[in-house]
Amino acid sequence: MDSMKTKAHYYIICYVACAIVTFTALVSCSIKYRPNGSNIDYTKTKTIQIADFPIRSSYVWGQMGPIFNNELKDMYAKHTRLSQVRRNGDIKIEGEITQYQLRNKAATSEGTSAMAELSMTVNVRFTNNVNHSEDFEKQFTSTRSYDSRQSLSKVQTDLVTEMCKDICEQIFNATVANW
């Protein structure tokens, strides 16, 4: 009977210890979490300047530029409290769409294309006028595959919208989310 009490006490002690460790880990992680999805000190950083990204790719689809530029500005408007300004922003994001490419990805047994892949690359220059050690220039890429039996014109809007959203999330995470 004593050994059963000892085992029960041991399990209770282990359970309580695990609960304390788990709680401590959760509390320490949650201190860094910001409900707006960003890691911005709003006492120092109040404005953001986002330039329109021109298309510098050899292959161009005209709607790509406006889709990307609107998505990028919306991303910061929805997930930060930064005011968007035309010049002299505390944070500055600029760049260009450098690559938009379509290529065959997989072939059928008859030698025809089964899958096609659309990719988009954006070059970004990030300047943090509050903390220049965070400045960078970097490229962000996204790809989407689709069944090549579909015409590109049928799927292009959806694919480009998805790629723009993905790239904008990458940019957001690299600039203000500090993941």
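Visitor: Let's begin with confidence: which element has the lowest mean pLDDT, and which the highest?

Guide: This is a predicted model, and pLDDT is the predictor's own confidence in each residue. Here helix α1, residues 2-30, has the lowest mean pLDDT among the elements, at 52, while β1 has the highest, at 98. Over residues 21-36 the pLDDT is below 50, and beyond near neighbours in sequence that stretch has four contacts in the model. For the protein chain overall, the mean is 84, with 74% of the residues at 70 or more.

Visitor: In what order do the elements run from the N terminus?

Guide: The order is α-β-α-β-β-β-β-α, made up of three helices and five strands.

Visitor: How much of the chain is buried, and what share of the contacts is between residues 24 or more positions apart?

Guide: Of the 179 residues, 32% count as buried. Among contacts with a separation of 6 or more, 69% are between residues 24 or more positions apart. The accessible surface comes to about 11,400 Å², and carbon and sulfur atoms account for 54% of that.

Visitor: What does the side chain of Thr47 reach?

Guide: The Thr47 side chain reaches the backbone nitrogen of Asp90 at 2.8 Å. Not counting residues up to four places away in sequence, Thr47 touches Leu82, Ser83, Val85, Asn88, Gly89, Asp90 and Ile91.

Visitor: Asn88 is on that list. Where is Asn88 found?

Guide: Asn88 is in the loop between β2 (83-84) and β3 (91-107). Exposed means over 50% relative accessible area, and Asn88 counts as exposed because its relative accessibility is 68%. Have a look at the backbone there as well: phi of Asn88 is near 60°, a positive value in a residue other than glycine.

Visitor: On to charges. How many salt bridges does a search of the whole structure find?

Guide: The search finds nine salt bridges. When reading one, check the atom pair, then where the partners sit. Glu96 pairs with Arg125, and their closest N and O atoms are 3.0 Å apart. Glu96 lies in strand β3 and Arg125 in strand β4, so this pair ties together parts 29 residues apart in sequence. Glu96 is buried, with a relative accessible area of 13%, whereas Arg125 is partly exposed at 25%. Glu96, Arg125 and Glu137 are linked in a network of salt bridges.

Visitor: Which side chain does Glu117 meet in a salt bridge?

Guide: Glu117 meets Arg103, at 2.8 Å from N to O. This pair links distant parts of the chain, with Glu117 in strand β4 and Arg103 in strand β3, 14 residues apart. Glu117 counts as buried at 12% relative accessibility, and Arg103 as partly exposed at 35%.

Visitor: And which residue forms a salt bridge with Glu162?

Guide: That partner is Arg144, with the closest N and O atoms 3.1 Å apart. Glu162 lies in helix α3 and Arg144 in strand β5, so the pair ties together parts 18 residues apart in sequence. Glu162 is partly exposed, with a relative accessible area of 38%, and Arg144 is partly exposed at 22%.

Definitions and conventions: Residues are numbered from 1 along each chain as its sequence is written. This is a predicted model: local features need pLDDT of at least 70, side-chain atom pairs count only at pLDDT 80 or more; totals for chains, interfaces and linings use all residues. Side-chain values use heavy atoms; hydrogens and water are left out. Helices (H or I, at least four residues) and strands (E, at least two) are DSSP runs, numbered from the N terminus. Buried means under 20% relative accessible area, exposed over 50%, partly exposed in between (1.4 Å probe, protein chains only). Contact means heavy atoms within 4.5 Å. Accessible areas come from the Shrake-Rupley method with a 1.4 Å probe; for residues, only the protein chains shown count as cover. A polar contact is a pair of N or O atoms within 3.5 Å; within protein, one must be able to donate a hydrogen and the other to accept it, and residues adjacent in sequence count only if both atoms are side-chain atoms. pLDDT is the predictor's confidence in each residue, from 0 to 100. A salt bridge is a side-chain nitrogen of Lys or Arg within 4 Å of a carboxyl oxygen of Asp or Glu.
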